[in-house]
Amino acid sequence: MDKSRKKFVDVIDKATVDGSSLHCDERLFTYKGILYPVTLCSPETFKALESFEARSDDIILAGYPKSGTNWVSQILNDLIAISEKKTPGTESGVNNEELEEFPYLEVGDPEKYERMTRLPSPRFIVTHLRPENLPKSIFKSKAKILLLIRNPKDIAASFYHFSNRLAIFPSYETWDDFFVAFMTKKMTWGCYLEYLSKWNKYADEKNVMPITYEELKEDPVLGVKNIAAFFGISLTEEQLQLVVERSSFQSMKKNSQKTHGAFGNAFFRKGGVSDWKNLFSEDQNEKMDKAFEEHVGGTKLGRKLKYEVYCKA
Ligand code: PPS
């Protein structure tokens, strides 16, 4: 296993073992009206999170589950290594294992925020949370937030398969069962369309840069360049190519056992656009089209997702 990924792999392995001894109904709990996995989050950690102190140079990636957060984390980790004059992919290019924290802000024990005060800058933080559930200091500090979004039909398709692979989430007997849960807001980390609508309020802020999974997939070179520019990281042509190559779906899938452990395959399933076409019925398409319009039609994030291109049958 990649030494720098030990914490990540340990947390996922343990959560999966703990989750498999629980009935589906016992795998989630509600905090402030949103469902979270009991094996990863807790009310105590959420309480402690309120007093988390963000720094202005924290590098934050916000994305709903299945939007490609592991992909963009790989890109950002390499960019941070480059900004520190380290070579991505070498032992000297990774953080000290002792200091490592599970990168998702809301996952872990309540003491993690105290430990995070000892991490050197820049700290890399990922979160699936909606903006109103993030600690106030994140917005006050003006830390830069890369907001990753993906078309809702592929999010649903990806989440369905993932839920049935990892016992962290409830499993679903059929796609139809999952679709009902997705549309009736019974999803872990909350309803995706509401997530988009909440983040819309921040989409114009100077320190928030929205990016779509689909644009990154279409032109990864441009995507990585834009991300680097947003965080003020300069890159040579050679470094750019290295970051793009190391974050390709093929490279990440090939490395997944080392970086994500025994469940690596589940994190890197298809890595494409439009897999939803294999699952959605005509009626489900209509329901999603209508709900999308109601929640984010005509908004900045709604337009950025190019629903007509990526979500029309
Ligand atoms: S998680 O579990 O919520 O953190 O999942 P997340 O990483 O956010 O999203 C998983 C989906 O992203 C795809 N993926 C990629 N796509 C393109 N390129 C790269 N490098 C890449 N890495 C991960 C992954 O395969 C999941 O999408 P699906 O559609 O299920 O394949």
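Hi everyone! Let's start with helix H6, which supplies the largest share of the lining of the second largest pocket, 4 residues. Before I go on, please keep in mind that this is a predicted model.

So what is this pocket like? The second largest pocket holds about 660 Å³ of space. It is lined by 40 residues, and the closest to its centre are Lys-66, Gly-68, Thr-69, Asn-70 and Phe-267. Sorted by class, the lining has 23 nonpolar, 12 polar and 5 charged residues.

Now let's move to the core. Which residues have the most contacts inside the largest nonpolar core? They are Leu-76 and Ile-227, in a core of 98 residues. Helix H3, residues 69-83, gives the most to this core, with 7 residues.

Let's take a look around Leu-76. Leaving out neighbours within four places in sequence, Leu-76 is in contact with Ile-59, Leu-61, Phe-124, Leu-146, Ile-227 and Phe-231. Notice Ile-227 in that list: Leu-76 and Ile-227 are the pair with the most contacts inside the core.

Next stop, Ser-256. Is Ser-256 buried or exposed? Ser-256 counts as buried, because its relative accessibility is 2%, under the 20% cut-off. You will find Ser-256 in helix H13, residues 256-260. Not counting residues up to four places away in sequence, Ser-256 touches Gly-261, Gly-264, Asn-265 and Phe-268.

Finally, the cysteines. A disulfide is a covalent bond between the sulfur atoms of two cysteines. How many disulfides are there here? The count comes to 0. Let me show you why with two examples, remembering that the two sulfur atoms have to be within 2.5 Å.

Take Cys-24. The closest cysteine sulfur to its own is in Cys-41, 17 Å away, so that is too far for a bond. Cys-24 is partly exposed, because its relative accessibility is 24%.

Then there is Cys-311. Its sulfur is 14 Å from the closest cysteine sulfur, in Cys-191, so a bond is ruled out by distance here too. Cys-311 is buried, with a relative accessible area of 0%.

How values were computed:
Residues are numbered from 1 along each chain as its sequence is written. This is a predicted model: local features need pLDDT of at least 70, side-chain atom pairs count only at pLDDT 80 or more; totals for chains, interfaces and linings use all residues. Side-chain values use heavy atoms; hydrogens and water are left out. A nonpolar core is a set of buried Ala, Val, Leu, Ile, Met, Phe, Trp, Tyr and Cys residues joined through side-chain atoms within 4.5 Å. Buried means under 20% relative accessible area, exposed over 50%, partly exposed in between (1.4 Å probe, protein chains only). Helices (H or I, at least four residues) and strands (E, at least two) are DSSP runs, numbered from the N terminus. Contact means heavy atoms within 4.5 Å. On a 1 Å grid over the protein atoms alone, a cavity is a set of points where a 1.4 Å probe fits but cannot get out, and a pocket is an open set with protein on both sides within 12 Å along at least five of seven lines; lining residues have an atom within 4 Å of a point. Grid points are joined across faces, edges and corners, and a volume is the space filled by probe spheres set on the points. Ala, Val, Leu, Ile, Met, Phe, Trp, Tyr, Cys and Pro count as nonpolar, Asp, Glu, Lys and Arg as charged, and the others, Gly among them, as polar.
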